[in-house]
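Biologist: Please show me how to read the features of a model like this one, step by step.

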Amino acid sequence: MSVVNPSPGGGTSNVVFFPITNPTPSVHFAGSSLPTGNEPIQLAVGDFNSDGKLDLAVVNFNCTFSALLTCNGFGSVSIFLGTGGGTFRERGTFAVGLGPTYAVVDDFNRDGKLDLATANLGDNTVSVLLGNGDGTFRPANACTVGASPTEVMTADFNRDGKLDLAVNNLGSDTVSILLGNGDGTFQSQVQYATASMPQGVAIGDYNGDGNIDLAVNDLNCVNFPACGPGMVSILLGSGDGTFQTHVEYPTGPSPDSVTVADFNGDGILDLVTASGTYGTNNFVSVLLGNGDGTFQPNVNYTTGTAPAFVALGDYNGDGKIDMAVANEVSNTVSILLGNGDGTFRPNIDFAAGTGAIGIAVGDFNGDGRLDLAVAISPRRTRFSSSCKLL
């Protein structure tokens, strides 16, 4: 699904899947693994060869964390083409920048073929890979952003019908906006201040004015790693590609990611953050939106230990949005079924493998039920690297 800007202006945002599933009395997952590159950290879903079957793009970090970031060369993205039966075949691995942490899928040059962009923590760039339509990609072009980018999102921020990029910069306490030229290239960045150490970014119209806004989750660390309460910075969009000064809302400590959806069915976008950066927390925080760009106080829901990313979908087919949360330290995926009123039931945990950090959702075997793909790769200690299908 693409979020569409209302007329005049038009334009679309990044492709965001909120798939539905057949009703089922219970939630069940069984796993299998795919070998990937070094340190897979996140995944993206799309039909990269236009055969009507969902494929996977696996972001290979190729670095480890200790006292300092140590990389073993440039990162890469591994492409796995889906067969439609729940199995995948590797199409190739494509080089990106140093220490990639996240990938977004969209059509940046408007040729009808899906492209990729990765945020590269290690060299302060975004890599843009234009797709050939057969599951392969052209060599990456680098765009300079702020210090230590960790996530990239795409939308039409200035309503010109061309996709733009938003990138949070962990090391410079900013978010970078790169306006698109419509041919797969982007203009030089403009940075906007956030709270300290922004870790992720989510896009949506939070105040109902027809302009796309930004939500940036912030670790709120001044003397790292001693951090205060986590924050979400809201930057309201002006519709011309610029943004207003950010306003902060408390969330759980050390929020690792932020995701957006309408959890209570009131037509207003809400937020959820995963509080698991240092492996000491075990919950997600839900902030219900008021429709004017402000948010209600966060409500926390228990997960496994060190929740890193949240994938949304209707996992039991009741028409209500649920959460799937990758838990890096407890090596699990937590399913939190939604009640449709903005609250969630107690977590149900499934084994996922050592270091479950990234997660993506889709119906990979065509049975009408949602499946999960989980990146297995501990951040601080190297293990065998793989992607697990649930």
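Biologist: Among contacts in the protein chain between residues at least 6 apart in sequence, what percentage join residues at least 24 apart?

Modeller: Contact means heavy atoms within 4.5 Å. Here 48% of the contacts between residues at least 6 apart in sequence join residues at least 24 apart. Note that this is a predicted model, where local features need pLDDT of at least 70 and side-chain atom pairs count only at pLDDT 80 or more, while totals for chains, interfaces and linings use all residues. Residues are numbered from 1 along each chain as its sequence is written, and side-chain values use heavy atoms, with hydrogens and water left out.

Biologist: How many helices and strands does the protein chain have?

Modeller: Helices (H or I, at least four residues) and strands (E, at least two) are DSSP runs, numbered from the N terminus. The protein chain has 0 helices and 34 strands.

Biologist: Which strands form the open sheet of 4 strands, and in what order?

Modeller: Two strands pair if DSSP finds at least two bridges between them. In this sheet the order is E18-E19-E22-E23, and the pairing is antiparallel. Strand E18 (198-204) and strand E23 (247-250) are the edges, each pairing on one side only. On average, neighbouring strands of the sheet are turned by 25 degrees against each other, direction ignored; axes are lines fitted to C-alpha atoms, for helices over the stretch in contact, and angles run from 0 to 180 degrees between N-to-C directions. Strand E22 (residues 231-235) pairs with E23 over 4 bridges, and Val232 stands opposite Tyr249 in E23.

Biologist: Why is strand E10 (residues 100-106) described as largely enclosed by the rest of the structure?

Modeller: Buried means under 20% relative accessible area, exposed over 50%, and partly exposed in between (1.4 Å probe, protein chains only). Strand E10 is largely enclosed because 7 of its 7 residues are buried. Across the 390 residues of the protein chain, 59% count as buried. E10 runs antiparallel to strand E11 (residues 115-120), joined by 6 bridges, with Tyr102 opposite Ala119 in E11.

Biologist: Which residues does the disulfide join?

Modeller: A disulfide is a covalent bond between the sulfur atoms of two cysteines. The criterion is a pair of cysteine sulfur atoms within 2.5 Å. The structure holds 1 disulfide, which joins Cys63 to Cys71 at an S to S distance of 2.0 Å. The link is right-handed, with 100 degrees about the S-S bond.

Biologist: Is Cys63 buried or exposed?

Modeller: Cys63 is buried, with a relative accessible area of 1%, whereas Cys71 is partly exposed at 24%.
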